[in-house]
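Me: Hi! I'm new to this one and would like a quick tour. Could you take a look with me?
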Amino acid sequence: MGEQIFNQVVMPVIYILCIVLPLVITVALYVWWERKVLGWMHVRMGPNKIGPFGLLQAFADVTKLLIKEVILPTSANKALYYMAPLIALVPALAAWAVIPFNDKMVLANVNAGLLYLLAMTSLGVYGIILAGWASNSRYALLGAMRSAAQVISYELAMGLCLVCVLVLAGSLNLTDIVHAQAGSKGIFDWFMWPLLPVFIIYFISGVAETNRAPFDVAEGESEIVAGFHVEYSGSAFALFFLAEYANMILISFLAPILFMGGWLSPLPASWGLLGQASILWLFVKVFVFAFMFLWFRASFPRYRYDQIMRLGWKVFIPITIVWVLVAGCMKFFGWVTVGTGG
Amino acid sequence: MIDTNMFQLVCFYAFAAVTVVAALGVITLRNSVHAVLSLVLTFFSTACIWLLAEAEFLAIALIVVYVGAVMVLFLFVVMMLDIKQEQVREGFIKYLPVGIIVALIMLGEMLALIGVRAMHQAVMGADPAAAAGMSNTAWLGTALYTQFLLPFEVAALILTVGVVAAVVLTLRQRTGVRHQQASQQVRVNARDRVRVVKMAAEVPAAPQPAPGKETTP
């Protein structure tokens, strides 16, 4: 009986901690890396005072945030004001349950993994809306309004991109989707080639869904100060920050898993050690996408609100709908090889 | 002792209790935003109950469609409305008899339905998905796109008509509105906008020192 409790209760908690703790550390390092990269792209130093290369800057900032007071604005809705950061954070962390890191390393190898991800990413918007409403601030409410419209619009395009992937892979299980991209040709077996437009749209929608530049109208520092979290301070603000960066890293994980063969090697298996599938390959791909988030932020000016809507509804959704048909034809006529059979 | 069946039963009652309490909250809470949020909670715990019944696709579809999209827009509208609570409670007594009659009729209909079902089908059949050796989602997909293809397409068509109708109803033809045409903007050439004119450089006349008295700064 003791063994049963250990297997059913203690082990899952340990596994969860094995995912969440590195994730939180990664978020801190990602913030440092973002500030460094932005600094280099602006021809300045970035943080360089605390620790070697300024590495401890993020940790110093977190410590500072945690010891600051959480201020409650006048006539704010108290319960919802305190609940909103948690509602934003919970789906951002819960989505990691189905992310496979390797053939074996996955917390929950569920059959409907892709659907679960879609459900979790669609819940994140509640935290933003409630924060905007409960703050009793015009800027915050404007940010929440913009965010809700934007997230719902881009969720449609994102969902259709996922439909293309699952048509080709024939499975909703993320591990099976990666296996469907295996083959003797290495990089050319990945879904990014037959689904190239969808792949690009997916990542752009991911950037829009996480409210990052150039789609950061929900925050829009120069227009509405900081949007939905303008009234938040201290640890409540830190939770919003954590949720946003956890979502960015999640999108950076999903793009390689769905389109670039996850942990599979880009080189053919005959190349020896370099041709082997490894979790390191996944991390390399994730790093590229995580870097692209920062690259976009340093390069592009913010989209105007009506242009965001135009891009989502009039460009992305028609293209993805057409590509669902194309993917169906590819599968039906056998133009792409799925799995190691080809 | 962790008994799986026992645990499932406890979970079911917990989720069911949350659902009922949240559903009561929808109609009793004074603050309309709180009421919408408890409706969200109702949907969410209903999805949990469906997950317990191994209807994973329905449960996740409920969260994606209702919680993730419909209720967000609903919440949005309710936040924008500035409803006075006194106004809401004004017609309570007036509408109470009608409300009670509707509730009673619905209760009667539901009881009749349960009675009819109970007479026709004593025991529920085996799970067809498990019988076919497929996951719930895969089985549902296969059934929808083969056995029930026509009703499925008809439902899709009706929804499309609904969307088009909603757009047409709110479409207003206003004159004097200037729209931005993105395709025209992209097609524009630098040559259409700026003309570079060649002309000889003009040599300005050399400045002459002013005669007469000098001014000191």
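This is a predicted model: local features need pLDDT of at least 70, side-chain atom pairs count only at pLDDT 80 or more; totals for chains, interfaces and linings use all residues.
Me: What pattern does chain A follow along the sequence?
Reply: Read along the sequence, chain A goes α-α-α-α-α-α-α-α-α-α-α. That is 11 helices and zero strands, where helices (H or I, at least four residues) and strands (E, at least two) are DSSP runs numbered from the N terminus. Its radius of gyration is 21 Å, close to the 20 Å from the globule rule for 342 residues, so chain A is as compact as a globular protein of that length. The radius is taken over C-alpha atoms, and the rule is 2.2 Å times the number of residues to the power 0.38.

Me: What pLDDT does chain A average?
Reply: Chain A averages 84, and 98% of its residues score at least 70; pLDDT is the predictor's confidence in each residue, from 0 to 100. Confidence in chain A is lowest in helix H8 (residues 221–224), at a mean of 72, and highest in helix H7 (residues 196–209), at 90.

Me: Now the partner: how many residues of chain B are in contact with chain A?
Reply: 18 residues of chain B are in contact with 19 residues of chain A, a contact being C-beta atoms, placed from the backbone, within 7 Å.

Me: And which helix of chain B gives the largest share?
Reply: Helix H3 (residues 56–80) of chain B, with 12 residues.

Conventions:
Residues are numbered from 1 along each chain as its sequence is written. Chains are lettered from A and ligands numbered from 1 in the order in which they are written. Two residues are in contact if their C-beta atoms, placed from the backbone, lie within 7 Å.
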